[in-house]
Amino acid sequence: MAAPLASKAGSAGTNSKPPFPELDFRSGARVEELNKLIQEFTKHDQREYDDQRALEIHTAKDFIFSMLGMVQKLDQKLPVANEYLLLSGGVREGVVDIDLDELNVYARGTDYDMDFTLLVPALKLHDRNQPVTLDMRHSALCHSWLSLRLFDEGTISKWKDCCTIVDHINGATNYFFSPTKVADWFYDSISIVLSEIQKKPQRGMPKVEKVEKNGTIISIILGVGSSRMLYDIVPVVSFKGWPAVAQSWLMENHFWDGKITEEEVISGFYLVPACSYKGKKDNEWRLSFARSEVQLKKCISSSLMQAYQACKAIIIKLLSRPKAISPYHLRSMMLWACDRLPASYLSQEDYAAHFLLGLIDDLQHCLVNKMCPNYFIPQCNMLEHLSEETVMLHARKLSSVRSDPAEHLRTAIEHVKAANRLTLELQRRGSTTSIPSPQSDGGDTNQPDDRLAKKLQQLVTENPGKSISVFINPDDVTRPHFRIDDKFF
């Protein structure tokens with residue numbers, strides 16, 4: 001076969017045109033420009049923390065854990081030695097699959113500077129070495145009721161006021177753990193504890209700026225020094241092992257095979273207080289694989305994660321009304337893409353623009369076909385309940401993004417810059433009244449504990465975007481034990 005003309009001309013030393021810049025066929029955007037815009041977004045979205053900010057993060061975390069220890073002591077409902085899962089990013093960021101239509105709108109920069117989600121087990125089933133079978137007879141796929149028959153009489157006695165009661169013909173009474181009643185109890189208990197804490201304020205204690213019940217989650221915004229931190233606290237049921245309904249998923253080939261062990265992926269799952277579209281809110285819980293997703297995230301390339309974060313910023317603004325698409329849908333599509341595409345392709349460092357365009361295409365495809373399978377339970381279609389009118393409205397909005405991705409990226413960059421400016425302005429205003437850490441002895445209030453601050457800064461900088469498990473005994477809140485992925489601190 002003859003060589004291309006351009007190659008012949010080049011080899012002969014004649015004048016040849018430089019290679020044409022790579023373009024996106026649909027929009028005409030230069031791929032190089034899109035890559036630069038994604039890098040700029042990432043730079044502004046991923047903030048660096050100095051020693052003071054790291055110490056403020058630590059102070060807020062300690063306050064939340066101490067508060068939960070006091071909640072446990074109120075009526076002994078929560079497990080004495082509990083295991084929380086702390087995720088970077090609030091519920092609105094799609095870190096767990098919870099409906100957003102019941103949540104108040106909070107904006108970074110305006111309402112908070114950093115956000116976290118904390119899963120707090122109200123009940124634990126941690127002694128199972130076999131697939132966990134749940135009562136799904138009354139609920140949609142990916143959802144379940146939870147009977148307290150699985151627990152001992154003491155547990156039933158403690159929690160029966162947070163249950164719906166079903167009497168059978170044979171005279172037996174069945175108590176079903178109610179997500180709405182548990183959330184009501186949790187909010188009331190947290191409110192009582194915070195009221196008591198605020199009666200005796202201590203030096204360096206965070207200021208509770210907001211406590212709100214958003215559907216079945218409790219949102220707390222704390223002011224610590226010049227920082228505002230949002231904690232979305234979610235009462236959950238925690239299981240060791242793997243649900244039987246997701247057993248077939250383990251039989252398939254996945255992108256994480258050989259990178260992490262199956263034991264790491266299936267170490268546990270949760271029931272979160274979220275209902276299906278037609279389900280009974282008082283009884284129905286949603287299966288959550290947040291613990292597994294923390295492990296899978298380790299196998300996703302940085303360039304794909306950058307594209308995901310940029311795409312998420314675009315759709316949160318664009319597809320907010322009516323609320324039909326959440327960032328969790330986008331996360332699921334990204335995981336499916338990781339299974340579908342070669343790892344060698346997804347690991348390309350300069351392919352963030354390709355990944356962003358692909359995610360937009362995937363999301364539009366899912367909308368047009370009204371089909372978004374849950375990654376762990378593929379037979380569950382997370383878009384099934386949407387109307388044709390809603391999906392086409394969002395598909396048309398995404399079409400505008402696909403026609404001019406560069407402009408939408410610039411808008412996302414401006415939004416994150418504005419949020420950062422608001423945060424810096426608050427820091428400047430609060431710098432003269434910055435509160436000391438609780439570890440301070442009251443001497444020089446401007447000098448944090450350098451050793452602790454450096455350790456915390458190291459954790460933050462070495463583990464960007466990672467999730468943290470915290471093992472804590474409410475009777476000794478002075479000794480938390482961190483686990484960031486497989487590292488212990």
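User: Why is Thr390 called buried?

Analyst: The model is a predicted one, and in it Thr390 has a relative accessible area of 17%. Buried means under 20%, so Thr390 is classed as buried. Thr390 is placed in helix α12. Apart from neighbours within four places in sequence, Thr390 is in contact with Pro322 and Ala324.

User: What makes Cys372 a buried residue, and where is Cys372 placed?

Analyst: The relative accessible area of Cys372 is 1%. Since the cut-off for buried is under 20%, Cys372 is therefore buried. Cys372 is located in the loop between α11 and α12 (388–403). With neighbours within four places in sequence set aside, its contacts are His329, Met333, Cys366, Cys380, Asn381, Met382 and Leu383.

User: Why is Lys370 called partly exposed?

Analyst: Lys370 has a relative accessible area of 22%. Buried would require a value under 20% and exposed a value over 50%, so Lys370, lying in between, is partly exposed. Lys370 is also found in the loop between α11 and α12. Its phi is near 50 degrees, a positive value in a residue other than glycine.

User: What makes Gln76 partly exposed?

Analyst: Gln76 has 38% relative accessibility. That value falls between the limits of 20% and 50%, and therefore Gln76 counts as partly exposed. Gln76 sits in the loop between α3 (51–75) and β1 (82–88). Phi of Gln76 is near 60 degrees, again positive in a residue other than glycine.

User: How do you know that α2 is roughly perpendicular to α11?

Analyst: Helix α2 (residues 31–45) packs with helix α11 (residues 352–368) at an angle of about 90 degrees, and their axes are 8 Å apart. Angles of 65 to 115 degrees count as roughly perpendicular, so α2 is described as roughly perpendicular to α11. On the α2 side, the contact is made by Val31, Leu34, Asn35 and Ile38, and on the α11 side by Ala352, Ala353, His354, Leu356 and Leu357. By class, this contact has 7 nonpolar, 2 polar and no charged residues.

User: Why are both an angle and a distance given for such a pair?

Analyst: Two packed helices are described by the angle between their axes together with the distance between the axes.

User: How do you know that Pro405 is buried?

Analyst: The relative accessibility of Pro405 is 1%. Because buried means under 20%, Pro405 counts as buried. Pro405 is found in helix α13 (residues 405–430). Residues up to four places away in sequence not being counted, Pro405 touches Asp24, Ser27, Ala29, Leu34 and Leu357. Among these, Leu34 and Leu357 also belong to the contact of α2 with α11.

User: Why does Ser226 count as buried?

Analyst: Ser226 has 11% relative accessibility. Buried means under 20%, and Ser226 is therefore counted as buried. Ser226 is found in the loop between β7 (217–224) and β8 (227–240). Not counting residues up to four places away in sequence, Ser226 touches Arg53, Glu56, Asp113, Leu426 and Gln427.

User: What is the class make-up of the lining of the second largest pocket?

Analyst: The lining has 17 nonpolar, 14 polar and 10 charged residues. It comprises 41 residues, of which Asp99, Cys275, Tyr277, Arg286 and His385 lie nearest the centre of the pocket.

User: What share of the residues in the protein is buried?

Analyst: Buried residues make up 51% of the 489 residues. The protein has 14 helices and 13 strands.

Conventions
Residues numbered from 1 in each chain as written. Predicted model: local features only at pLDDT ≥ 70, side-chain atom pairs only at ≥ 80, totals over all residues. Heavy atoms only, no water. 1 Å grid on protein atoms, 1.4 Å probe; cavity = no way out; pocket = protein on both sides within 12 Å on 5 of 7 lines; lining within 4 Å. Nonpolar A, V, L, I, M, F, W, Y, C, P; charged D, E, K, R; others polar. Axes fitted to C-alpha atoms, helices over the stretch in contact; angles between N-to-C directions. Helix = DSSP H or I, 4+ residues; strand = E, 2+ residues; numbered from the N terminus. Parallel < 35°, antiparallel > 145°, perpendicular 65-115°, else oblique. Contact = heavy atoms within 4.5 Å. Buried < 20%, exposed > 50% of the residue type's maximum accessible area, 1.4 Å probe, protein only.
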